[in-house]
Amino acid sequence: MKKQNRQIYRFDNFQLDAGNRQLRRDDAPLSLPPKAFDLLLALIENNGRLVEKDVLFTSVWHDQIVEESNLPVHISQIRKALGETKNNPRFIETVPGYGYRFVGEVINLEDEELVIETETLSRITIEKEEEMGRKEDGEMFKRRKFVSLSPLLSFPSSLKLAAGAIVILCVIGSIFWLSNRTQNNNAVAPVAIAERNTVIKRLTSKGTVDYSVLSPDGKLFAYSVRERDSFRNSLWLGQTSGNSDLQLRPTGDLIYNPRSFSADGNWLYYTLSNPRDFNNGTLYKMTALGGVPQTLADGISVYAVISPDEKQIAFVRVNRENKTETLVITNLDGSSKREIVVRSAVKSFLAHSLSWSADGKLVAFGAESGNGKGQEIFAANASNGSVKQITSLEWFAISRTGWLRDGSGLLVVARTKNSFAANQIWQIDYESGRATNIIRDLQHYGSTLSLAADSNSLVAIQAIRESNIWIAPAENLAAARQITFGSAGHEGWFGIDWTIDGRILYTARIDQSLTLWTMDTSGENVKQITSTGFLDERPSATADGKFIVFQSNRSGATEIWRIDSDGADLRQLTFDGGKNSFPHSAPDGKTIVYTHNSDNGNFVWRISIEGGEATQITDAECFNARVSPDGNFIACGYGFDGKMKLAIVPITGGAPVRLFDVPPTYNFDGSLRWSPNGHFISYRDWANGVWSQSIDGGAPNRLEGLPAEKLYQFDWSPDGKQFIFTRGREIRDVVLISDFR
């Protein structure tokens with residue numbers, strides 16, 4: 001016999017319906033995220049008893065990799081829904097260092113059990129469609145509509161079985177018909193498949209793993225670990241059985257990148273390079289259990305891949321002078337260089353994506369398609385350089401490829417277009433280019449994909465990402481306070497700005513979309529500006545308060561768009577099908593500057609807020625431009641003598657009037673900001689805080705008072721009195737995935 005719990009709990013003026021997963025107050029439904037609901041239910045079911053943290057993690061998150069800070073975040077969401085605070089706990093008591101206890105008086109209104117015979121089909125519920133709803137705080141969420149087939153409890157057992165079988169066959173037949181119809185209409189579109197008995201096992205718990213490779217027999221794995229808030233790095237060896245790990249190389253200032261094991265598993269190949277100098281690494285090999293490394297080749301890409309016979313390496317070489325990139329194959333010691341494929345900068349290789357086929361005849365790689373509509377997967381013949389395009393799917397991002405042993409296809413870590421949520425692992429059929437999602441979870445996978453020799457198991461980097469927005473008085477950044485509390489909304493990760501009336505403009509994730517929102521400095525009066533279904537990023541509010549400009553893939557390519565500040569009158573401003581990004585509104589509210597990616601590199605252009613013909617500002621490579629408060633200059637990242645500089649360029653064009661050196665860990669990705677008085681320019685560090693550069697010269701200094709960690713976005717209010725910034729975190733660990741085929 002099977003038992004179904006249909007309990008309904010009442011406490012104070014609240015009612016929690018466990019069966020229907022609904023929380024109500026005075027008969028009015030309350031919005032609560034799924035994990036927060038599960039957490040509240042677990043506490044209520046243990047009313048009066050201390051529930052330790054580990055028990056709650058096991059109960060609510062099961063085998064998922066979850067950072068401990070997720071627990072207080074979800075407890076905070078529950079407290080908000082119940083109208084209590086941590087200092088005034090009406091219902092949930094915190095026991096510091098141990099866990100939580102539900103202390104409210106709970107009445108069980110319905111403790112009945114619905115008894116169903118084992119062989120009886122009681123109910124089939126089919127998820128039919130989704131629609132968007134809005135929580136009380138303005139956050140969007142999904143309501144799922146269900147179509148339920150009537151219970152069959154009133155029939156005799158034999159009829160129950162027959163009717164149940166008929167219903168199941170009808171449902172399966174409908175699914176099969178819909179699947180075939182979808183496949184016939186789009187034979188190569190990415191599709192999700194029914195869950196297999198795939199096993200995912202976490203192998204590390206360090207949280208800052210960068211790369212990993214698996215030995216051919218699937219018993220060992222090597223991985224690199226980066227210190228938090230720095231580039232310092234070390235190399236480790238682990239056993240997939242779970243025994244203690246061995247540190248192979250000590251922590252240092254150079255970057256270790258494990259590339260592969262030898263075919264017999266006795267040797268480990270890895271590269272070593274300076275931070276950010278990924279095109280000039282050194283290839284080493286050493287015994288898998290450690291020892292003295294042997295130098296094999298200098299001056300190669302850190303993403304070089306070793307051929308199956310261990311006689312050749314393939315890597316991408318960048319020529320900045322003629323704006324080309326070349327797929328190169330050399331002997332293992334770097335000699336006998338052969339240029340296999342040459343592509344222009346606009347069709348650039350994804351250097352980290354290379355992989356050899358098991359027979360050593362083909363090298364797979366991801367690359368920009370060249371039409372501004374995404375990335376594709378290709379295969380180059382290692383002998384004659386002929387290239388086959390495998391996919392035509394306009395991928396948003398391709399991180400890594402790996403060939404199946406039989407050559408029938410590849411596994412790839414990639415993200416589909418219009419998908420923000422995560423990189424996923426896909427199986428690609430070599431002949432048709434058809435892509436199938438092999439793991440249907442919501443986790444993000446990094447730039448690691450290493451298969452065992454039998455292609456039945458692999459290691460990958462699984463990551464958890466979250467971010468929230470903080471605000472501080474400009475004169476005391478250490479007094480910052482958090483104003484958003486989403487556990488997976490990625491608030492402010494891909495852009496924040498101020499409106500002229502003092503509201504905060506920011507990006508937030510809804511399901512697989514990136515959308516634009518505004519809110520007060522208190523985190524209240526939240527308003528959604530753009531609709532779901534697209535990736536809207538890098539917003540900039542015009543100084544007159546009329547418009548918001550941003551980059552989006554709404555047209556199929558990344559272009560610049562404009563929308564009224566109230567969310568009306570959406571318009572596309574650029575139409576050249578290229579990669580146009582990082583828009584910023586000049587103080588006059590009439591001019592927009594943005595970065596345009598072309599065959600020759602990245603350059604800054606300007607266009608009217610009404611659209612029309614665009615004008616190129618810079619003749620040399622310059623990107624991520626930001627207009628000065630007086631409207632006369634732009635600050636941008638600037639390539640000069642093979643090095644990256646911070647430049648100040650007249651908005652009318654011409655040579656830079658100022659060039660500044662930057663630290664090795666600089667990061668200009670959407671982060672350049674002028675101070676409100678125009679006296680200095682700031683940009684974020686790759687690992688720790690924000691740099692400030694005086695326009696009068698001198699070395700840059702870090703802004704004092706900010707957390708000593710990686711920050712993602714920041715900006716000053718128009719009056720210069722407040723400072724907002726995005727704090728994010730990413731927990732990255734190695735997982736072993738097996739039984740996925």
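Predicted model: local features only at pLDDT ≥ 70, side-chain atom pairs only at ≥ 80, totals over all residues.
Which residues do ring pairs link into a cluster? They are W470, F680, F714, W716, F723 and F725. Residues are numbered from 1 along each chain as its sequence is written, and side-chain values use heavy atoms, with hydrogens and water left out.

## Rings

Two rings of Phe, Tyr or Trp (for Trp, the six-membered ring) make a pair if their centres lie within 6.5 Å; planes under 30 degrees apart are called stacked, over 60 edge-to-face, and the rest tilted. Searching the whole structure turns up 25 aromatic pairs. Take F14 and F91: their ring centres are 5.7 Å apart and their planes sit at 85°, so this pair is edge-to-face. F14 belongs to strand β3 (residues 14-17) and F91 to the loop between α3 and β7 (92-95), so the pair ties together parts that are 77 residues apart in sequence. Those element names come from DSSP runs, numbered from the N terminus: helices are H or I with at least four residues, strands are E with at least two. F14 and F91 are both buried, and buried means under 20% relative accessible area, with exposed being over 50% and partly exposed in between (1.4 Å probe, protein chains only).

Now back to the cluster, which includes F714 and F723. Their ring centres are 5.9 Å apart with planes at 25°, so they count as stacked. F714 is buried at a relative accessible area of 2%, and F723 is buried too, at 0%.

Rings can also have a charge over them (NZ of Lys or CZ of Arg within 6 Å of the ring centre and within 35 degrees of the ring normal). Here are two cases:

| Charged residue | Ring | Distance to ring centre |
|---|---|---|
| K285 | W267 | 4.4 Å |
| R562 | F547 | 4.0 Å |

## The core and its helices

What about the greasy parts? In soluble globular proteins, nonpolar side chains tend to be buried together. A nonpolar core here is a set of buried Ala, Val, Leu, Ile, Met, Phe, Trp, Tyr and Cys residues joined through side-chain atoms within 4.5 Å. The largest one has 30 residues, and L16, L40 and I78 have the most contacts inside it. Elements giving two or more residues to this core are β2, β3, α1 (34-45), α2 (53-61), α3 and β8 (99-102). The top contributor is α1, with eight residues.

In α1, the buried residues are A36, F37, L39, L40, L41, A42, L43 and I44. You can check a helix's length as well: its expected span is 1.5 Å times one less than its number of residues. Helix α3 (residues 70-82) has 13 residues and reaches 19 Å from first C-alpha to last, close to the expected 18 Å. Buried residues in α3 include L71, I75, I78 and L82, but also N70, H74, Q77 and R79.

## One disulfide

How many disulfides does a search of the whole structure find? One. A disulfide is a covalent bond between the sulfur atoms of two cysteines; the cut-off used for calling one is a pair of cysteine sulfur atoms within 2.5 Å. This one joins C622 to C636, with S to S at 1.7 Å. C622 is in strand β50 (residues 622-627) and C636 in strand β51 (residues 633-640), so the bond ties together parts 14 residues apart in sequence. The torsion about the S-S bond is about -95°, so the disulfide is left-handed. C622 is buried at 0% relative accessibility, and C636 is buried with a relative accessible area of 0%.

## A few loop residues

Most residues other than glycine have a negative phi. D27, though, has a positive phi, near 70°. D27 sits in the loop between β4 (22-25) and β5 (28-30), and is exposed, with a relative accessible area of 57%. E310 also has a positive phi, near 60°. E310 lies in the loop between β23 (305-306) and β24 (312-319) and is partly exposed at 21%.
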